[in-house]
Amino acid sequence: MRRGVLVKIICVLLVSISGFAQKNKPLQLEDIYKNNVFKQKRFGPVRWMKDNAGYSTLKRNTEVGGKDIVRYEAKTGKKSIIVSASSLVPKGETKPIIIYDYVWSEDNSKLLIFTNTRKVWRYHTRGDYWVLNLKTNTLNRLGKSLPSSTLMFAKFSPDASKIAYVSDLNIYVEDLNKHTIKQITTDGGDHIINGTFDWVYEEELSCRDGFRWSPDGENIAYWQSDTKDVGTFYMINNIDSIYSKPIPLPYPKVGTKLSAVKVGVISANGGETKWFNIPGDPKNNYLARMDFIPNSNEVMIQQLNRRQNTNKIWVGDIYSMAINNILVEKDDAFLDVHDDIRWLENEQYFTWSSERDGWFHLFKVSRDGKEVKPITKGDFDVVKINCIDPKGGYVYYIASPNNFTQRYLYRSRINGKGEAERITPVSNSGQNAYQISANAKWGIQVFQNATTPPKYALVSLPKHKEIRVLEANNDLKKTYDALALKPKDFIKIDIGDDVLDAWMIKPIDFDPNKKYPLLFYVYGEPAGSTVQDSWSGGDLWHQYMAQQGYIVMSIDNRGTKTPRGNKWRKSIYGQIGILASEDQSKAAKKILSTYNFIDPDRLGIWGWSGGGQMTLNCMFRYPEIYKSGLAVSFVSDQRLYDATYQERYMGLLEDNAKGYHDGSPINFAQHLEGNLMIIHGTADDNVHYQSFEMLVNKLIKHNKMFDMMSYPMRAHSIYERENTSYHLRQTMEAFWKTNLPAGGR
């Protein structure tokens with residue numbers, strides 16, 4: 001054999017062996033939580049341009065650094081740089097501004113850039129803003145006389161001649177032509193909040209940006225919150241100084257006083273604020289939404305009562321300050337607030353989301369509220385409204401009538417005639433999301449499923465023709481596929497009361513003749529769902545545990561946030577922790593009787609936040625089933641959590657004292673029999689470390705042995721500071737391997 005041929009054969013063999021080794025390389029915790037091996041690429045942020053013929057996005061500039069803002073023509077894909085990163089270099093600087101977010105003015109002539117951002121609780125909502133005038137190519141920082149990185153929610157006036165923003169709890173208006181700054185509210189500070197919100201409004205009602213420009217640009221309507229009667233919770237920083245530092249947090253717990261919130265109107269030039277006199281105690285109602293009606297001097301305000309089962313819709317005139325109640329939405333259990341209002345037919349009608357027929361649908365309502373007609377209809381839920389196109393006569397929305405773990409684009413006629421029409425093709429089996437142009441001709445589709453990372457593509461509508469792929473995450477897909485993991489099996493579990501959705505992951509070397517430990521992952525509350533056919537980062541933690549020799553399962557009990565109708569979602573009302581743990585226990589028994597390869601003596605459960613609470617409830621209420629449990633960032637006593645969330649789903653404490661008691665795992669801690677580990681961050685502003693300490697105290701009282709880990713100055717997600725995520729997962733792995741031995745037997 002010639003030497004050259006031999007070398008080629010050896011090379012081929014080496015490549016083959018290398019490929020085989022790579023394909024069978026086991027999943028490592030370091031690769032997930034330290035080495036960023038499974039990094040997902042995103043596309044955007046995308047902004048559809050005013051002409052709907054193209055969109056803008058960001059693209060790295062290799063010459064000067066930073067990012068260009070680039071326009072792509074939807075039809076042809078032709079690229080043009082609208083704003084070069086070189087235009088975003090401030091005077092005296094050498095580097096362009098780092099774009100965290102950007103917004104176009106209505107006519108696309110000016111660009112507002114958000115940068116140098118800071119977190120306020122959960123989100124980056126405070127920072128610096130710059131405005132680029134594309135006609136004059138001038139770049140100016142807003143609020144130059146104000147402290148750096150204190151501006152929030154900057155917004156163009158309708159004609160883009162001014163910008164309003166919040167700084168240190170007051171509202172300012174800056175004239176972009178004269179470069180003058182006017183402070184229009186002056187009482188913000190201490191317990192008065194103007195133009196933004198307290199912790200609970202942000203967390204539970206998704207209220208962050210607290211002011212609105214009037215359509216003519218002459219006035220600003222805004223929320224003001226008075227937190228003086230809200231109880232203060234103190235977190236303690238013990239690690240950044242030799243003396244501890246208390247961190248005060250106004251936080252209304254169950255049954256305590258809320259912020260007093262009102263809506264007022266002030267001239268954009270300053271002056272006195274006029275306040276709407278909305279009936280009801282402002283400390284026992286929520287002003288959950290407020291917006292101007294287009295082309296008018298009226299605002300629409302949504303007022304939720306404290307029980308959150310009644311939503312009164314008010315229309316207020318900003319000059320006379322007269323208010324009129326045009327609509328009342330009620331539910332026997334609770335209502336969620338939605339942002340699906342779009343004005344139609346010269347502002348004589350508006351769209352409105354409701355579960356009044358037992359399913360979540362979109363309705364068309366007359367301006368006076370007297371006429372309410374369905375737009376979407378049928379025995380299915382509308383999950384999300386994507387686009388309302390009055391000219392084309394359709395509303396586009398996400399739904400999944402036949403598979404509650406998946407999501408697809410549908411459309412219905414605004415006039416309510418005809419049947420719902422599915423737009424997403426059958427080939428895109430999984431979850432689909434869309435960012436649709438205002439004229440409904442184009443959409444940025446994001447497709448994913450449990451084994452496919454997000455794929456971004458431009459599609460033409462309504463035929464859903466794929467025009468071009470924008471980002472396919474092919475490298476991530478190859479890296480993931482090389483692991484040769486067992487995909488999730490989506491299954492149904494009949495518990496008698498209902499049929500539940502679930503998934504199962506088996507070990508790579510699964511042998512049906514052996515018995516394996518079973519690890520349940522649980523959430524179980526109305527705010528979310530764990531059984532979804534989505535990428536979810538590849539669910540690599542659970543895949544890793546399966547690779548170690550565990551069968552991993554997750555079940556959506558009744559009451560979880562899935563599109564299964566009002567009856568399903570509201571079944572949990574007043575019995576958080578009670579119904580869910582019952583459903584989970586029934587499902588566990590059904591699984592044990594169905595699958596011979598599961599070892600009933602090695603059955604564990606774990607969860608985070610509401611799932612941590614559910615883990616504790618299952619461990620304490622059904623100790624004969626669950627042998628080991630791990631609860632992270634949990635609520636041990638429901639009275640300790642915030643009033644807005646807990647009272648929405650449990651009712652008021654005065655009306656449901658027994659439900660609060662029976663749904664709180666701390667009251668059943670004496671029944672612990674198995675192995676338990678609890679984990680919490682001491683700087684958790686959401687579910688306070690107090691919940692952890694109170695449970696520890698109760699377990700000690702009953703002489704129960706358990707493991708615990710505290711993460712100092714980490715918040716609810718326990719990821720802040722160096723090496724935290726990796727350390728946390730190692731801690732969790734060690735607990736499971738010690739208390740729920742891995743592998744088939």
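Student: Where is Asp-168 found?

Tutor: In this predicted model, Asp-168 is found in the loop between E10 and strand E11 (170-175), and its phi is near 50 degrees, a positive value in a residue other than glycine.

Student: And what's the phi of Ala-160?

Tutor: Phi of Ala-160 is near 60 degrees, again a positive value in a residue that is not glycine, and Ala-160 lies in the loop between strand E9 (151-156) and strand E10 (162-167).

Student: Is Ala-160 buried or exposed?

Tutor: Ala-160 counts as buried because its relative accessible area is 3%, where buried means under 20%.

Student: Switching to cis peptides, which residue is joined to Pro-45 by a cis bond?

Tutor: Gly-44 is joined to Pro-45 by a cis peptide bond with omega at about 5 degrees, and Pro-45 sits in the loop between helix H2 (29-33) and strand E1 (47-48). The peptide bond from Leu-461 to Pro-462 is cis as well, with omega near 10 degrees, and Pro-462 is in the loop between strand E34 (452-460) and strand E35 (465-471).

Student: OK, helices now: at what angle do H7 and H8 pack?

Tutor: Helix H7 (residues 579-594) and helix H8 (residues 610-621) pack at an angle of about 65 degrees, with their axes 9 Å apart, and H7 passes H8 in a right-handed crossing. The contact is made by Ala-580, Ser-581 and Gln-584 of H7 together with Met-614, Asn-617, Cys-618 and Arg-621 of H8, and these residues divide into 3 nonpolar, 3 polar and 1 charged.

Student: What else do the buried residues of H7 pack against?

Tutor: Besides H8, they pack against strands E36 (489-494), E37 (499-505), E38 (516-521), E39 (551-555) and E40 (598-608); the buried residues of H7 include Leu-579, Asp-583, Ala-587 and Ile-591.

Student: Which residues does UniProt list for the catalytic domain?

Tutor: UniProt, in an unreviewed entry, lists "Peptidase S9 prolyl oligopeptidase catalytic" at residues 543-740, and over residues 543-740 the chain is 41% helix and 17% strand. The UniProt feature "Dipeptidylpeptidase IV N-terminal", also from an unreviewed entry, is placed at residues 105-454, where the chain is 2% helix and 49% strand.

Notes
Residues numbered from 1 in each chain as written. Predicted model: local features only at pLDDT ≥ 70, side-chain atom pairs only at ≥ 80, totals over all residues. Heavy atoms only, no water. Axes fitted to C-alpha atoms, helices over the stretch in contact; angles between N-to-C directions. Helix = DSSP H or I, 4+ residues; strand = E, 2+ residues; numbered from the N terminus. Left-handed = near helix turned anticlockwise from the far one by under 90°. Contact = heavy atoms within 4.5 Å. Nonpolar A, V, L, I, M, F, W, Y, C, P; charged D, E, K, R; others polar. UniProt positions renumbered as here; feature names shortened; annotations may be inferred. Buried < 20%, exposed > 50% of the residue type's maximum accessible area, 1.4 Å probe, protein only.
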